[in-house]
Amino acid sequence: CPAVLSLGRIQPQCDSKPSTDVPKATKPQHDSDDPRRGSLCNRHCATINVQGDLDYYPHRPRLLSGRSLVGWAGHGALGGSHTPCHLPPISPTAMSPPSCCQQHSDEVYESSMVRTTLTAENAVEANKLSNNYKFGFKKWKSHVTERPWEDRSDIVKELYSNLNVIHSSGGSTVTCGNVLYLLLFGWWLSLLYVLVAAMMFVTIVGTPYGRLCWDLAGYFLWPFGKVIQKVEVPKSHQAVSVCEASGEASSTEKNSTLLGGPVPRCWRPQCWAGTGYWQCAGTVAWLCLGYPALVLAHGLVCVTAWLLIVLIPVAKLSACAATHVLLLPPEQVLVQHLRMTEALLEGEVILCCYRAVNPYYYKYTVGGINVFAVNLLPLVLVTLVLGYVDSQNHLTSSPIKFTLALLSIMPLSYYIGMAIASISAQSNFAVGAVVNATFGSITELTFYITALIKGTREGNRCYAEIVKSALTGTLVGCVLFVPGLCMVIGGIRHQEQQFNRRSAGVSSALLFLSVGGVFAPTLFSKVYGKLVCGECHNITQNPLGHYLCHNCHFDLMENNGTFYYSHIQPLVYTVSILLPAAYLIGLFFTLKTHSHIYDIHISDCHMPGHHHSAVVHWSRWRALVILLLSTLCMSACADLATEHISPILTNSTISQYFIGVTVLAMVPELPEIVNGIQFALQNNLSLSIEIGNCIAVQVCMLQIPILVLFTIFY
């Protein structure tokens with residue numbers, strides 16, 4: 001709600017009536033009876049009006065100034081609705097602040113500047129939004145509940161609308177997207193309809209369907225600006241005389257029909273109407289000869305257009321044609337051009353399309369799942385089938401299987417993130433913290449543990465080096481690449497970006513401590529270890545000159561490894577236990593004892609007609625099942641990736657460190673990177689920075705210690 005801001009004094013309340021209604025006047029309450037006062041003024045003085053207090057300090061920005069408040073409070077970044085709210089009536093005596101609170105004004109102002117006001121459609125969505133600002137929780141952009149239809153923009157409403165709306169002025173239909181449709185689908189689909197029409201004319205009984213296919217051939221060649229209607233055919237045209245067609249009808253029977261007598265059986269409507277439609281000979285010929293070929297063609301068009309995403313309107317067009325238009329009686333289908341027709345006949349509009357390409361379909365969701373994740377889900381099945389059925393690489397090679405396994409990790413990471421966000425939003429903070437700590441790093445840990453197991457079985461240390469390089473790449477990418485990329489992309493749209501300084505300070509301090517803890521054993525070994533070089537050359541021919549050495553490393557196993565086993569190994573194990581404990585302490589610190597650092601005020605303002613009950617996309621049990629299935633598929637894909645990475649390392653010139661730092665480190669984090677970019681585009685840089693810090697903290701405090709402890713027992 002754009003005008004909702006908690007300043008510790010008075011919160012503007014939302015009115016349940018439309019914005020055009022005038023708020024009813026209320027009697028001014030006594031100071032002691034006002035439940036909306038903040039704790040600070042409750043202790044020291046009477047109520048201070050928000051507007052009057054801000055007017056009293058002209059040198060400070062007015063936070064209740066329309067769109068400036070929206071950007072400052074993070075409302076626009078979280079996709080809330082600009083719902084009109086009404087402030088409580090302001091008494092004239094409240095326009096100037098009482099003198100008893102002037103000494104506390106600075107403290108009140110500073111406390112107000114660190115608050116973040118969020119707007120949510122329901123309680124579940126409010127929990128999800130607040131979880132985005134909590135330490136240790138995945139930052140998730142997508143909605144976990146169904147958004148009210150009234151809150152959606154006209155662009156989004158158009159994505160979910162059917163192709164049966166006639167616009168008054170559609171403009172020119174000659175666009176690049178429509179020409180692309182003509183080149184990709186229109187010409188050969190129209191040619192197929194012409195061939196089917198010729199075949200139906202040959203059968204004679206299918207002549208009505210031949211005429212229908214001829215009309216549809218012109219429609220699907222260029223369907224833009226045309227309309228397909230279902231019209232009601234007069235009863236006089238529906239009756240088909242089977243007796244007359246066979247030459248067996250008598251004039252007596254015809255006269256009795258005209259005189260109102262009983263209708264002979266052969267004169268009753270058998271085709272195009274009623275239950276006899278499916279028994280007509282022409283319909284049988286159509287369903288056996290013409291319909292299957294056209295359904296296959298439309299299915300191919302539908303799948304191809306759906307995978308291209310921006311051509312989803314073409315997919316809807318083909319799906320409606322195959323499932324509805326081609327199953328109607330021919331006499332009820334009418335194809336018209338909108339410009340050539342002044343007034344359309346009365347009837348149901350089935351199809352009316354104006355453009356084939358809509359670039360906003362990247363926002364399209366199916367059951368709350370983004371269309372990209374839906375399209376990549378079949379890739380997981382293909383990867384598992386090829387990986388385990390074709391184990392001898394008869395159908396595909398190892399590089400292809402490795403690439404498919406990596407691509408399959410992306411949708412699985414999305415499903416895991418969506419399931420974690422759904423469970424956390426519908427549970428208390430303890431359950432959410434456990435789920436995030438348990439499954440938040442499951443994608444990376446599954447791949448790393450699988451690689452370590454395979455390297456141990458084969459006695460190949462390359463897999464351990466790949467894991468180290470992937471961990472290093474994740475740290476560098478999350479600390480530098482992700483925030484920097486979000487700042488650059490967000491700066492393209494927004495001239496000035498702000499973030500919560502205190503919240504970023506807490507997460508940065510935890511990041512500093514975690515990185516220091518992880519690298520403490522390494523620094524200790526570098527300081528006290530013995531540097532051993534394989535080969536050294538004196539380049540100055542002087543005994544005191546410079547030496548050029550190769551293959552240098554720190555020898556930690558000197559004197560039978562006494563230094564390593566007595567000093568370094570205990571330090572490594574101690575740090576591996578302390579870091580997860582510090583992570584749990586950080587959760588308890590930010591979620592329980594010091595939750596005011598993330599001072600979030602949830603405002604559930606709704607427009608008139610909205611329902612406060614949440615309709616979740618995934619229930620807790622459904623989200624849990626999807627989470628477990630995605631984890632199992634993730635482990636299988638990680639096993640396939642490690643199985644087929646060895647030929648790539650041996651047969652190519654690509655370094656194992658380069659693959660680990662770039663590909664293996666960034667691919668599992670792509671959903672997080674996309675979320676960070678979306679937050680930055682909506683001027684919520686705080687969450688963009690938090691995403692990178694949160695991943696880096698989990699790498700240092702959870703992933704690396706778990707991997708170290710895993711090697712102890714395996």
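Which residue in strand 3 is the bridge partner of Lys-230? In this predicted model, the partner is Val-333.

Lys-230 and Val-333 are bridge partners, and the strands concerned are strand 2, residues 226-231, and strand 3. These two strands pair in the antiparallel sense, over 5 bridges. The sheet is open and has 3 strands, in the order 3-2-4. Its pairing is antiparallel. Strand 3 (333-337) and strand 4 (347-353) stand at the edges. Each has a single partner strand, so one side of each is left without a neighbour in the sheet. On average, neighbouring strands are turned by 25° against each other, direction ignored.

A helix accompanies the sheet. Helix 8, residues 207-221, lies across strand 2, strand 3 and strand 4. Helix 8 runs at about 150° to strand 2.

Next, the nonpolar cores. In soluble globular proteins, nonpolar side chains tend to be buried together. Here the largest nonpolar core holds 76 residues. Within this core, Trp-618, Ile-645 and Leu-664 touch the most other members. Helix 15 (residues 398-425) supplies the largest share, with 14 residues.

What is Ile-645 in contact with, leaving aside its neighbours within four places in sequence? The contacts are Phe-402, Tyr-463, Ile-466, Ile-659 and Leu-664.

Another core lies apart from the largest one and has 38 residues. Its members include Leu-189, Ala-197, Leu-212 and Val-333.

How values were computed:
Residues are numbered from 1 along each chain as its sequence is written. This is a predicted model: local features need pLDDT of at least 70, side-chain atom pairs count only at pLDDT 80 or more; totals for chains, interfaces and linings use all residues. Side-chain values use heavy atoms; hydrogens and water are left out. A nonpolar core is a set of buried Ala, Val, Leu, Ile, Met, Phe, Trp, Tyr and Cys residues joined through side-chain atoms within 4.5 Å. Buried means under 20% relative accessible area, exposed over 50%, partly exposed in between (1.4 Å probe, protein chains only). Helices (H or I, at least four residues) and strands (E, at least two) are DSSP runs, numbered from the N terminus. Contact means heavy atoms within 4.5 Å. Two strands pair if DSSP finds at least two bridges between them. Axes are lines fitted to C-alpha atoms, for helices over the stretch in contact, and angles run from 0 to 180 degrees between N-to-C directions.
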